[in-house]
Amino acid sequence: MQTTEVGQNSEIKQVIGSLCMMNNRFMNFMLDDNKKAAQVFLRVILVDDKIKVRNVRIQSFIQNIYGHSSQLDILAQDSKGRYFNVEVQRSDEGAPARRARFYSSILDTHFLQPGKLYEELPDTYVIFITENDVLHDNLPLYNIRRRIDENAKCFEDGSHIIYVNSQRRDNTALGKLMQDLYCTEPKNLHYHEFAERMEFLKYSKEGEEKMTDVIEEYAARKAEALAKEAVKKAAKKAEEKEQANRIELAQGLLADGMSIEFTVRHSKLTEAEVRELASKLSA
């Protein structure tokens with residue numbers, strides 16, 4: 001029993017040790033109420049060192065009583081009242097253009113209070129950090145804004161959608177930030193604002209306890225994988241037994257002098273398999 005617990009603890013530590021910020025749950029823990037870390041993200045991505053994050057929340061649920069509601073990975077507000085929604089997407093299917101549009105619209109409907117003027121609608125930024133280059137132009141970053149077709153001028157409505165291609169991990173400030181997203185060791189991080197938090201989460205008892213749901217999610221996935229493997233093994237064993245029964249039947253039919261065609265039809269073996277059995281019986 002003690003050996004089992006030691007093994008489990010070792011496995012848990014390995015799981016925690018392998019986590020990086022491209023893991024959605026781990027990113028949430030890294031930025032939860034961590035204004036300095038959120039500030040690094042926004043300053044680097046928006047190339048604005050003056051951004052001052054006022055608050056940051058994770059897994060913010062925005063209720064839409066008339067339609068689809070949303071749960072935002074990371075929601076931050078800066079000192080100017082602007083709102084920033086950061087989403088980490090490892091799957092290309094998780095970052096379609098219309099999802100970005102919807103998230104932008106739901107921020108608008110949530111943050112313009114009744115009785116307020118439209119001019120008081122805050123600027124919003126929806127930022128998708130994607131594992132792959134989902135827009136396929138090999139750019140490190142895509143700033144998406146509305147424009148007027150006839151004169152190519154920006155239509156300044158205060159909404160911004162940004163896609164960040166995490167595959168571009170060069171030595172620029174943005175590239176180093178992308179490197180940090182895949183880093184699993186605090187000592188190897190470029191931005192010290194992340195290192196202290198990662199050190200706490202990975203190498204302290206309190207941090208491990210804080211990440212209970214990550215460990216539970218891993219355990220659930222492992223249990224599911226083991227269950228699938230067990231079903232697979234059971235199916236394979238059943239097929240092997242069925243095949244043995246078919247062979248035994250075919251051998252009996254052949255021994256009784258039945259034809260190859262008759263044996264194939266009744267044993268459900270292939271003609272090649274039956275002929276091979278027949279050759280062995282006549283040898």
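Colleague: Which residues does Gln 89 touch, not counting residues up to four places away in sequence?

Modeller: With contact taken as heavy atoms within 4.5 Å, Gln 89 touches Met 22, Gly 94, Ala 95, Arg 99, Phe 128, Ile 129, Thr 130 and Glu 131. This is a predicted model, in which local features need pLDDT of at least 70 and side-chain atom pairs count only at pLDDT 80 or more, while totals for chains, interfaces and linings use all residues. Residues are numbered from 1 along each chain as its sequence is written, and side-chain values use heavy atoms, with hydrogens and water left out.

Colleague: Is Gln 89 buried or exposed?

Modeller: Buried means under 20% relative accessible area, exposed over 50%, and partly exposed in between, with a 1.4 Å probe and protein chains only. Gln 89 has 10% relative accessibility and therefore counts as buried, whereas Glu 199, at 42%, is partly exposed.

Colleague: What does Glu 199 touch, not counting residues up to four places away in sequence?

Modeller: Glu 199 touches Pro 186 and Ser 204 on that count; the C-alpha atoms of Glu 199 and Pro 186, 13 residues apart along the chain, are separated by 5.8 Å.

Colleague: How do the axes of helix α2 and helix α3 cross?

Modeller: Two packed helices are described by the angle between their axes and the distance between the axes. Here the axes of α2 (residues 24-31) and α3 (residues 35-46) come within 7 Å and cross at roughly 115°. The contact is made by Met 27, Met 30 and Leu 31 of α2 with Ala 37, Ala 38 and Phe 41 of α3.

Methods
Axes fitted to C-alpha atoms, helices over the stretch in contact; angles between N-to-C directions. Helix = DSSP H or I, 4+ residues; strand = E, 2+ residues; numbered from the N terminus.
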